[in-house]
Amino acid sequence: MRIDLHTHSTVSDGTGSPAQVMREAADAGLDVVALADHDSTAGWDEAQAEADALGIELVPAIEISAKDRWVSIHLLAYWPRRDDPTLVDMMEATRAARVGRAQQIVERIAADYPLTWDDVATHAHGSVTVGRPHIADALVAKGVFPSRDAVFAEVLRNGSRYYVPHYAPDVRDVIRAVRAAGGVPVFAHPGAHTRGRIVPDAVIADLASVGLAALEVDHRDHDDEARERLAALADRHGLLRTGSSDYHGTGKLNRLGENLTAPEVLEALRAQHA
Ligand code: AMP
Ligand code: FE
Ligand code: FE
Ligand code: ZN
């Protein structure tokens with residue numbers, strides 16, 4: 001069984017449609033794949049239809065933007081009820097905030113590079129959740145940078161002078177909302193320190209007591225040392241350990257199935273899905 005519990009489509013900042021991601025998942029030999037677009041469930045139906053046709057299992061998921069004080073956290077939610085009013089409102093507020101924030105980032109970048117909001121809007125067209133990758137795509141299309149990665153390294157990384165954060169709910173509120181919606185909350189790439197600040201171990205202990213189910217231990221952004229530390233932390237606090245690719249299509253180097261989740265972990269997560 002090959003299980004990859006974290007991928008993105010054009011609904012957020014991936015480059016393939018939900019159906020395309022499912023076809024690529026089948027081609028990569030995956031048996032189970034989660035579509036986890038940022039702050040949206042809009043890709044679920046298309047993905048489900050294609051997964052059914054291909055004979056693979058779709059785990060419907062969301063990567064919900066959250067915060068612990070000023071530290072940005074991504075929380076994966078598996079099988080939540082998509083019509084849960086609290087979750088729906090939370091995601092709507094974040095998506096709205098992301099638009100104003102992206103416009104502010106573009107204003108700052110426009111002082112130094114040839115870029116307009118229209119350029120970015122063209123690249124975000126069709127996505128319900130706007131993110132920095134869409135700004136990167138606009139700069140790549142204009143020939144200013146060769147790749148998304150290059151734009152992030154130079155302009156879009158956290159802490160750059162062009163960076164603006166966006167509103168996101170407190171991670172404890174998100175964990176409780178996901179549980180109340182029958183979903184299973186998992187901390188995405190908790191040790192990805194090259195992307196920005198990460199939370200200390202004590203926060204993960206606290207989140208375990210609030211209802212967190214697992215840590216995404218095996219992820220491209222974690223080196224061996226980070227994986228060992230997170231695995232020990234998971235064991236200490238009774239958390240499961242997942243692994244996934246965080247596939248974004250051609251937007252990032254991440255390949256489908258490059259990190260996998262064990263079948264017994266998937267079943268343990270499924271058992272927690274109310
Ligand atoms: P945002 O959600 O707007 O804050 O942007 C964060 C997203 O940018 C992440 O979900 C990744 O998809 C993407 N990202 C972060 N770092 C990089 C990078 N170095 N290269 C390409 N994409 C990145
Ligand atoms: Fe992303
Ligand atoms: Fe993420
Ligand atoms: Zn992701």
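Predicted model: local features only at pLDDT ≥ 70, side-chain atom pairs only at ≥ 80, totals over all residues.

**Exercise 1. Find salt bridges that link distant parts of the chain.**

Begin with the total: the count comes to 18 salt bridges. Take Glu50 and Arg23, whose side chains meet at 3.3 Å, N to O. Glu50 is in helix α2 (residues 44-54) and Arg23 in helix α1 (residues 18-27), so the pair links parts of the chain 27 residues apart. Then compare the classes: Glu50 is buried because its relative accessibility is 19%, while Arg23, at 37%, is partly exposed.

Move on to Arg220 and Glu258, where the closest N and O atoms of the salt bridge are 2.8 Å apart. Here two loops are linked: Arg220 is in the one between β6 (214-218) and α9, Glu258 in the one between β7 and α10, and 38 residues separate the pair. Arg220 is partly exposed, with a relative accessible area of 37%, and Glu258 is partly exposed at 28%.

**Exercise 2. Which residues coordinate the iron ion (ligand 3)?**

Step one, list the donors: Glu63 (OE), His74 (ND1) and His189 (NE2) coordinate this ion at 2.0 to 2.3 Å. Step two, read their spacing in sequence, which is E-x10-H-x114-H. Step three, see what gets linked: Glu63 belongs to strand β3 (residues 57-68), whereas His189 is in the loop between β5 (184-187) and α8 (201-210), 126 residues apart. Step four, check burial: Glu63 is buried because its relative accessibility is 1%, and His189 is buried with a relative accessible area of 8%. One last thing to pick up is the iron ion (ligand 2), which is 5.3 Å from the iron ion (ligand 3).

**Exercise 3. Arg69 and Asp246 have positive phi values. Is each one buried or exposed?**

First, the angles: phi is about 50° for Arg69, which is not a glycine, and near 60° for Asp246, also a residue other than glycine. Second, the places: Arg69 is in the loop between β3 and β4 (71-78), and Asp246 is in the loop between β7 (240-243) and α10 (263-272). Third, the cover: Arg69 counts as exposed because its relative accessibility is 64%, whereas Asp246 counts as buried because its value is 1%.

**Exercise 4. Locate a patch of negative charge on the surface.**

Look for the members first: Asp223, Asp224, Glu225 and Glu228 gather there. Then pick Glu228, which lies in helix α9 (residues 224-236). With 59% relative accessibility, Glu228 counts as exposed, as that is over the 50% cut-off.

Technical notes:
Residues numbered from 1 in each chain as written. Chains lettered and ligands numbered in written order. Heavy atoms only, no water. Patch = residues over 30% accessible without salt bridge, like charges linked within 9 Å, V, L, I, M, F, W, Y side chains within 5 Å. Areas by Shrake-Rupley, 256 points an atom, 1.4 Å probe, with all protein chains shown as cover. Salt bridge = Lys/Arg side-chain N within 4 Å of Asp/Glu carboxyl O. Lys, Arg positive; Asp, Glu negative; His and termini not counted. Charge placed at Lys NZ, Arg CZ, Asp CG, Glu CD. Helix = DSSP H or I, 4+ residues; strand = E, 2+ residues; numbered from the N terminus. Buried < 20%, exposed > 50% of the residue type's maximum accessible area, 1.4 Å probe, protein only. Donors = N, O, S within 2.8 Å, 3.2 Å for Na, K, Ca; no water.
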